[in-house]
Amino acid sequence: MGVTLLDLTERLVPISDFSQGKAGKIFNDVAENNHEYIILKNNQPTAVLVSVKEYRDTQEKILKLERLMERIENIRLMKLAESRENSPASSFETFINEEGFCMEELEELSGSVEIE
């Protein structure tokens, strides 16, 4: 839905308009013409009024994009796992020793760490 600056300014609605009998006209415009309105409270944008169809379409697009992003992340992780498939693996203890620590030091330190 392309919106020009003029359209946008015409669709800025102070919240007081709803108590002045203009709500019916605004809701009809939303339902019949699929227009959206930005509701102002104390001259600040506070809410957006959209049709149920527009809201559902937007929610559907969000769900599709989330599924797409999840699938892309799964593919990325699978490729990473495949690239490391033949890499030598070492134990956690070996890693700790290579970094200059010992398991006893870590166990001692873990007693002083508090997780909230």
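Here is a short tour, from the overall picture down to single residues.

## What you're looking at

This is a predicted model, where local features need pLDDT of at least 70, side-chain atom pairs count only at pLDDT 80 or more, and totals for chains, interfaces and linings use all residues. Residues are numbered from 1 along each chain as its sequence is written, and side-chain values use heavy atoms, with hydrogens and water left out.

The predictor's confidence in each residue, pLDDT, runs from 0 to 100. Its mean over the chain is 88, with 93% of residues at 70 or more. Helix α3 (residues 52-83) gets the highest confidence, at a mean of 95, while helix α1 (residues 5-10) gets the lowest, at 69. Where pLDDT is low, the predicted coordinates should not be read in detail.

## Overall layout

You'll find five helices and three strands here, in the order α-β-α-β-β-α-α-α along the sequence. Both come from DSSP runs numbered from the N terminus: H or I of at least four residues for helices, E of at least two for strands.

The C-alpha trace spans about 75 × 40 × 25 Å along its principal axes. The chain's radius of gyration (over C-alpha atoms) is 28 Å, whereas a compact globule of 116 residues would come out near 13 Å; that globule rule is 2.2 Å times the number of residues to the power 0.38.

The three strands form an open sheet in the order β1-β2-β3, with mixed pairing. At the edges sit β1 and β3 (44-49), each pairing on one side only. Strands count as paired if DSSP finds at least two bridges between them; β1 and β2 (residues 37-41) run parallel and share three. Val 13 is opposite Ile 39 of β2.

Those two also belong to the largest nonpolar core, together with Ile 26, Val 30, Tyr 37 and Leu 49. Such a core is a set of buried Ala, Val, Leu, Ile, Met, Phe, Trp, Tyr and Cys residues joined through side-chain atoms within 4.5 Å. Both α2 and β2 supply at least two of its residues.

## A buried aspartate

Asp 17 lies in the loop between β1 (12-14) and α2 (23-33). Is Asp 17 buried or exposed? It counts as buried because its relative accessibility is 14%.

How values were computed
Buried < 20%, exposed > 50% of the residue type's maximum accessible area, 1.4 Å probe, protein only.
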